[in-house]
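Me: I have a structure to go through with you. Can we take it piece by piece?

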Amino acid sequence: MTSTSPLSSVNTSLLLQALIERFDNGLSLDKTGSANESAESINTEVRKLAALLPRLQVALARRQNTETTINRLPIEVLAHIFKFASVTEDAHPARRIITLSLVCYHWRQTALGFPALWTTIHLREGAIHDFQLATLCLERSKDASLSIIMSTPFRGEQISNFFSPYSSRIESVLIFVPFKCSSYDVPRLLSSTCGFPAPRLKCLRLCTAMWGSYHSPKLPVIFGGDISRVTHLQVESFSPYPGHTFGCLTHLALSSQSQFDKRPSMTEFLDFLAANPYLEELLLDDAGPSVRTSDNRPPIHLPNMRLLCFVTTSTERMLPSRVLIHLRLPRQCSIRVHRDMDPSYLEDLLPSPFPEDVRLLPTFGMVEKLSLRDDIKAFGECSVRYSVTSRQSGVSLSYPLRCPDPHDIWPEAAFSSFLRSVPCTQIQVLCLSLGKVAQTFHAEGWKSLFGRLTALKELYITDMDVSNVVKGLLVGPRRDTVHTEILPGLSTICFIRPKSLDIDALLSWSKGRTTREHPTDHRLTIVVDTSDLGFKMPKCLPKNVQIYTADSACGVVDDHTFEEPLDLTCPPFGRDD
């Protein structure tokens, strides 16, 4: 799609040599001509060379640019790179494309040749030149679909009139009302801003903070009331949607419905879900039906649901279980619950967020790995998270970890609550990474857990204090009357950069498993940190025990051990901005 200069294909060395010869020939005086005529001829040749020199320089520069690695990429790939580079938080996407187009001729031609690079239009508060830039984007995007971002709530009618001629091209709209404007009449501003029709609208995000507002959270009529084709819907603060119908939703995110008395009833909420059977993702972030209402209808079948997320406070901690009992979900559906509450009140932690009969949730029937971690972020903040997963899906429960205290008891209490819903006899892999709250889990707790994981085959522990875990292994839970073996199938034990490890006690436990009446074959691997001066290397090791330093352990431990399904780790729709 790039144009090529006529000079770029010429052998520039031969061209320059020919020009020099012409110049030299012009210097020899014609015997029959006068000196003035020869001088005039020379001046004419010099002017021609002076006019040609810039073109030669441009041709040479373009040829040099084509030799660089990035300019040898297909222009489609280069345009895709531009698209990624334009997505930043502090700059207008089109402004970044303009900057990239100034690098060289090839980049400019690429930027101008792909209308999709100019389809995102951002109108920001206080940015007086955004309308000029938007006009440029509308011109260069040609007939491509448009994505509109509006974060200036005070130009409603001007914005509506500006986009009205291009309404048939608009497929995505994001409206962001700053928190400082949350006390204004947001519904009126929204109605004036979205006064034009958008018949092709597929994605609608209304990030409209109204926490301090006395206005009703009813969603006004927008885009002429015709947004029934929307597939991705994110709504903040608003709860009733009079005048609007939705039946094609695949992604739904509801958040910040702080006016509890204005929330829909359970019946209204279930009616809304039943009208959208193609739902794949649902996020209820401090939102959803009123917990004071109920419904006795049969469960709603959502066969395409892939991810269901709840972010709840202490006031609505029972919301997940009350919603889940009304849904019939597929086996591949992942469920995430994040309890955004003060964990110091243990009575708020004890109720399980899942129904008493977990057979209602087919996802639990597939899980095989149990993970306890505090080295991750859940919904944007450091958290402690408990999860059970299969290869395709899983269930997780997380709590914010804002001020971890080694003397807290709530992490262990919260895990005990989560464990009530877990089919422990199915778990084959246990992964522990509790670098911040390891001391809150006592040896008795680990002892009880190991006694319940009767099918456990693999144990992985990384970057945490393992003293209580080892004590739990050594003591072991009490045996029943038939002397059931503890962790009989455990064949792989791996400690990665352990802290406070009693190596002698661990080796004694390992030896005991291989020398008893019914020996258990297992492999014990320890990867130690070279900076751990407290670790003492044993003089001799059994054949089933291997100790590596962190520098030499490459390939010893599978990098995918702690990996989980993407739906449990990636931000859901509504929390992905």
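Reply: First some terms: helices (H or I, at least four residues) and strands (E, at least two) are DSSP runs, numbered from the N terminus. Axes are lines fitted to C-alpha atoms, for helices over the stretch in contact, and angles run from 0 to 180 degrees between N-to-C directions. This is a predicted model, where local features need pLDDT of at least 70, side-chain atom pairs count only at pLDDT 80 or more, and totals for chains, interfaces and linings use all residues. Residues are numbered from 1 along each chain as its sequence is written, and side-chain values use heavy atoms, with hydrogens and water left out.

Me: OK. At what angle do H4 and H5 pack?

Reply: The angle is about 145° between helix H4 (residues 93-101) and helix H5 (residues 105-113), and their axes are 8 Å apart.

Me: Which residues meet there?

Reply: From H4, Ile97, Leu100 and Ser101 meet Trp107, Arg108 and Ala111 of H5. Contact means heavy atoms within 4.5 Å.

Me: New topic. Where does Thr250 lie?

Reply: Thr250 is in the loop between strand S5 (232-236) and strand S6 (251-255).

Me: Buried or exposed?

Reply: Thr250 is buried, with a relative accessible area of 15%. Buried means under 20% relative accessible area, exposed over 50%, partly exposed in between (1.4 Å probe, protein chains only).

Me: What is Thr250 in contact with?

Reply: Leaving out neighbours within four places in sequence, Thr250 touches Thr231, His232, Tyr278, Leu279, Glu280 and Glu281.

Me: And S6, why is it largely enclosed?

Reply: Because 5 of the 5 residues of S6 are buried, the rest of the structure largely encloses it. His251, Ala253 and Ser255 cover one side, Leu252 and Leu254 the other. In a regular strand the side chains alternate between the two faces of the sheet.

Me: Which strands does S6 pair with?

Reply: S5 is joined to S6 by 5 bridges and runs parallel to it; strand S7 (residues 281-285) is also joined to S6 by 5 bridges, again parallel. Two strands pair if DSSP finds at least two bridges between them. Glu236 stands opposite Ser255 in S6, and Leu252 has Leu282 in S7 as its bridge partner.

Me: How many residues of S18 are buried?

Reply: In strand S18 (residues 523-528), 5 of the 6 residues are buried. S18 pairs with strand S17 (residues 492-496) in the parallel sense over 5 bridges, with Ile493 opposite Leu524.
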